[in-house]
There are 2 protein chains.
Amino acid sequence: MTTNGDGDADPTRHPATGPPAGRRRRDPEASRGAILDAARAELNAHGYSRMTIRRVAARAGVTHGLVMRHFGTKERLFLAAIPGPQRLGAALAGDPATLPERIARAYVDRMETADADDPFVALIRSAAANDPTATRLYSAMQEHSRAAYRDVLDGPDVDARVDLIAAVLLGVTFSRYVIREGAVAAMAPATLAEHLTALLRPVVLPASGTAPGD
Amino acid sequence: MTTNGDGDADPTRHPATGPPAGRRRRDPEASRGAILDAARAELNAHGYSRMTIRRVAARAGVTHGLVMRHFGTKERLFLAAIPGPQRLGAALAGDPATLPERIARAYVDRMETADADDPFVALIRSAAANDPTATRLYSAMQEHSRAAYRDVLDGPDVDARVDLIAAVLLGVTFSRYVIREGAVAAMAPATLAEHLTALLRPVVLPASGTAPGD
């Protein structure tokens, strides 16, 4: 639920120039939070493709223009509204020796709230089906996650290792939350976190295992 | 291209009872091979959903009935035609100590021939989009692969480890052959095989790394 800005938090239009009346127009941070809450509710209710700026604005009790000034596009609103990327950096901070556990736990904690309507799961489905917007959004989300992993990984081949972590987590997501069959889908969350920790350790901390050099 | 049977290789109808004339009707193995070649060509040209038994039969120069006697259903024909499952068992046989390399190489060798029309990639796309037939076929293919891994894995938690291997390879498939962006998509096949070997080693050979006990 953190809503720390990424540069597009401040509406450029000055309140005194007379925007249409809106309940929250006098407090940009409150408007932003209400818009993000509304976007998450719309995503859960209708999925990305049927989410509209107008519906989000109506649900948040603000104008269409105010949503546009805060977020610019539906894609940017989506990226700000989904819970993953904003939280990941905070979850990864800490002792490098226990980073594999933290990556595994952050992933499991995030995904265990996922269902078929989860925006990330919906996005994977749509990207797999070749929807170009979904593919672009999916890539943008992956890039957020990769940036967070890149910040905390040391050693050789960081780009390759970051993307391997992403690929492993994507494969687990696909098995457990999209296809939902097999042992990975059936295991308890704590067991999944343990297996993921073991699986990710040589990629996260290559000194502790055997890593290919190239 | 091996076409070793899995129990449904022999047509039940005796040649002397008078099937419609067909170029290959006197040699069940040749018919079977021709049907499988035709099925692969149809899959590459049209994908699974538009592949029909009738078109496969026409391309193979045999009757619809002969295809049905060999394979029974379109799904079984598909599973026999795709190259993965039949080859995997042979590729995995050998020294347990080098099994991670062999799993990685078998996967890379199989997938490096994949493109957007590859039947496995097409199936992942369709399963992701919630197509029930594709999901069933995808599960059947995964079960073939899991059975091959199960045969060669020792130690605790075999079902969980087999499914984790499948999840890792699925994630790489999704990144590299479906979404096709990022470092995993860009790396040379030999580099991918090296990274996969390192990634899979603790799952394939848990004694050589840290495995969760549960």
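D163(B) and R146(B) form a salt bridge, with their closest N and O atoms 2.7 Å apart. A salt bridge here is a side-chain nitrogen of Lys or Arg within 4 Å of a carboxyl oxygen of Asp or Glu. D163(B) sits in helix α9 of chain B and R146(B) in helix α8 of chain B, so the pair ties together parts that are 17 residues apart in sequence. Helices are DSSP runs (H or I, at least four residues), strands are runs of E with at least two, and both are numbered from the N terminus. D163(B) and R146(B) are both buried. Buried means under 20% relative accessible area, exposed means over 50%, and partly exposed lies in between (1.4 Å probe, protein chains only).

A word on the model. It is predicted: local features need pLDDT of at least 70, side-chain atom pairs count only at pLDDT 80 or more, and totals for chains, interfaces and linings use all residues. Residues are numbered from 1 along each chain as its sequence is written, chains are lettered from A and ligands numbered from 1 in the order in which they are written, and side-chain values use heavy atoms, with hydrogens and water left out.

R146(B) also reaches the other chain. Its side chain meets that of E181(A) in a salt bridge (3.3 Å, N to O). R146(A) and E181(B) likewise meet in a salt bridge, at 3.3 Å from N to O. That pair runs from helix α8 of chain A to the loop between α9 (158–179) and α10 (183–186) of chain B. R146(A) is buried, at 6% relative accessibility. E181(B) is partly exposed, at 25%.

E143(A), R146(A), R150(A), D159(A), D163(A) and E181(B) are linked in a network of salt bridges. In chain B, E143(B) pairs with R150(B), the closest N and O atoms being 3.3 Å apart. E143(B) is partly exposed, at 34%. R150(B) is partly exposed too, at 32%.

S139(B) belongs to this picture. It lies in helix α8 (residues 132–152) of chain B. Beyond its neighbours within four places in sequence, S139(B) is in contact with I179(A), E181(A) and R146(B). Contact means heavy atoms within 4.5 Å.

Now step back to the interface. In contact there are 43 residues of chain A and 43 of chain B. About 3500 Å² is buried between the chains, and carbon and sulfur atoms give 67% of it. Buried area is the accessible area (1.4 Å probe) that two parts lose on being put together, summed over both. Two salt bridges cross this interface. On the side of chain A that touches chain B, α7 (119–128), α8 (132–152), α9 (158–179), α10 (183–186) and α11 (189–204) each give two or more residues. α9(A) gives the most, with 13 residues.

How are the copies related? Chain A can be laid on chain B with an RMSD of 0.1 Å, by a turn of 179° and a shift of 0.0 Å along the axis. The two are thus related as by a two-fold rotation axis. The superposition uses least squares on the C-alpha atoms of residues with pLDDT of at least 70 in both copies. G171(A) comes closest to the axis among the residues of chain A, at 1.7 Å (C-alpha). Of the interface residues of chain A, 100% are also interface residues in chain B, so the copies meet through the same surface.
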